[in-house]
Every structure is written in C-alpha cells, then in structure tokens.
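Have the sequence and the 3D view side by side, and let's walk through this one together.

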Amino acid sequence: MIKYNHEQELQFAIRNEDWPPVRVKYELALRGWTLAELSREAGYSPSAAGRALRVQWPAVEKIIAAALGVPPWAIWPSRYVEPETSFIPRVTERHRTSG
C-alpha cells in the first residue's frame, strides 16, 4: 500500500495550486486505475473523469479524490471556497446573465 503525504497535499492547497492533470493520472495509475476505468466503475461515460480534470464537475471530482484517498479540495483548491464544504461555480461568458 502506498503511503500518502497529506502534508504535501495541504501545502498545494495552501498555495491554492491545483494538481496538474498529469499528476492526477499518475497518482491514479499508482493505485491501479485509469480515468476511463474509474468513470465506468462509477457509472459515467469513459470520458467523464478526464473531463473533470479540465472543467468543474463536483460529483466526478469526489470520485477521483476518493480513489486517491484525499478530499477534492486538496486536488482542486481553486474550485472550492471553504475546504470540504463549498464549491465555487465557474461563470463563463456564455453562462452569464445580463442584469
């Protein structure tokens, strides 16, 4: 079993740095997962976990984080306001409403 360095993950979160997608893939591979396998196992399309690396998708982020044994905010601190509780919805140009 791989020992996880939670101290290091907290340092990433403190600096508000998201893990690079290649790191997430590498960490999953160490645990015997691919993004496609993880997606299918959770009942999503094979591309779901890969998409969650690029865009916010809280449900799939939780699945990825659980497979890695860390909370989602440790992987994507920029996506969460308060660790473990709040999610920051990203507003894009096409989703903005004019007021």
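In helix 5 (58–68), the buried residues are Val60, Glu61, Ile64, Ala65, Ala67 and Leu68. "Buried" here means under 20% relative accessible area, "exposed" means over 50%, and "partly exposed" is anything in between, worked out with a 1.4 Å probe on protein chains only. Helices are DSSP runs of H or I with at least four residues, strands are runs of E with at least two, and both are numbered from the N terminus. Look down the axis of helix 5 and its buried residues fall within an arc of 160°, so they line one face of the helix. That arc is taken from the directions that run from the helix axis to the C-beta atoms. Turn to the other side of helix 5 and you'll find Lys62 and Ala66, which are exposed.

Before going further, a word on what you're looking at: this is a predicted model, in which local features need pLDDT of at least 70 and side-chain atom pairs count only at pLDDT 80 or more, while totals for chains, interfaces and linings use all residues. Residues are numbered from 1 along each chain as its sequence is written, and side-chain values use heavy atoms, with hydrogens and water left out.

What do the buried residues of helix 5 pack against? They pack against helix 2, helix 3, helix 4 and helix 6, where a contact means heavy atoms within 4.5 Å. Take isoleucine 64 as an example: leaving aside its neighbours within four places in sequence, it is in contact with Val24, Leu28, Leu38, Ala49, Ala52, Leu53 and Trp76.

Now for helix 2 (21–30). Its buried residues are Arg23, Val24, Glu27 and Leu28. They cover an arc of only 135° around the axis, which puts them on the same side of helix 2. Val22 and Ala29, on the other side of helix 2, are exposed. This helix, too, has a glycine after it: glycine 32 follows helix 2 and has a positive phi, near 85°.

How do helix 2 and helix 5 meet? Val24, Glu27 and Leu28 in helix 2 come up against Ile64, Ala67 and Leu68 in helix 5. The two helices pack at an angle of about 50°, and their axes are 9 Å apart. The axes are lines fitted to C-alpha atoms, for helices over the stretch in contact, and the angles run from 0 to 180 degrees between N-to-C directions. Helix 2 and helix 5 are therefore oblique to each other: under 35 degrees would count as roughly parallel, over 145 as roughly antiparallel and 65 to 115 as roughly perpendicular, with the rest called oblique. Their crossing is left-handed, which means that the near helix is turned anticlockwise from the far one by less than a right angle (clockwise would be right-handed).

Next, the core. In soluble globular proteins, nonpolar side chains tend to be buried together. A nonpolar core is a set of buried Ala, Val, Leu, Ile, Met, Phe, Trp, Tyr and Cys residues joined through side-chain atoms within 4.5 Å. The largest one here has 20 residues, and Val24, Leu28, Ile64, Leu68 and Ile75 touch the most other members. Helix 2, helix 3, helix 4, helix 5 and helix 6 (72–75) each supply at least two residues of this core, and helix 5 gives the most, with five.

A few single residues are worth a stop. Proline 46 is in the loop between helix 3 (35–41) and helix 4 (48–54), and with 42% relative accessibility it counts as partly exposed. Not counting residues up to four places away in sequence, proline 46 touches Leu35, Ala36, Ser39 and Arg40. Glycine 50 sits in helix 4 and, at 15% relative accessibility, counts as buried. Aspartate 18 lies in the loop between helix 1 (6–14) and helix 2; at 28% relative accessibility, aspartate 18 is partly exposed. Setting aside residues up to four places away in sequence, aspartate 18 touches Ile75, Trp76, Pro77, Ser78 and Arg79.

Finally, step back to the whole chain. The protein has six helices and zero strands, and buried residues make up 33% of its 99 residues. Among contacts between residues at least 6 apart in sequence, 46% join residues at least 24 apart.
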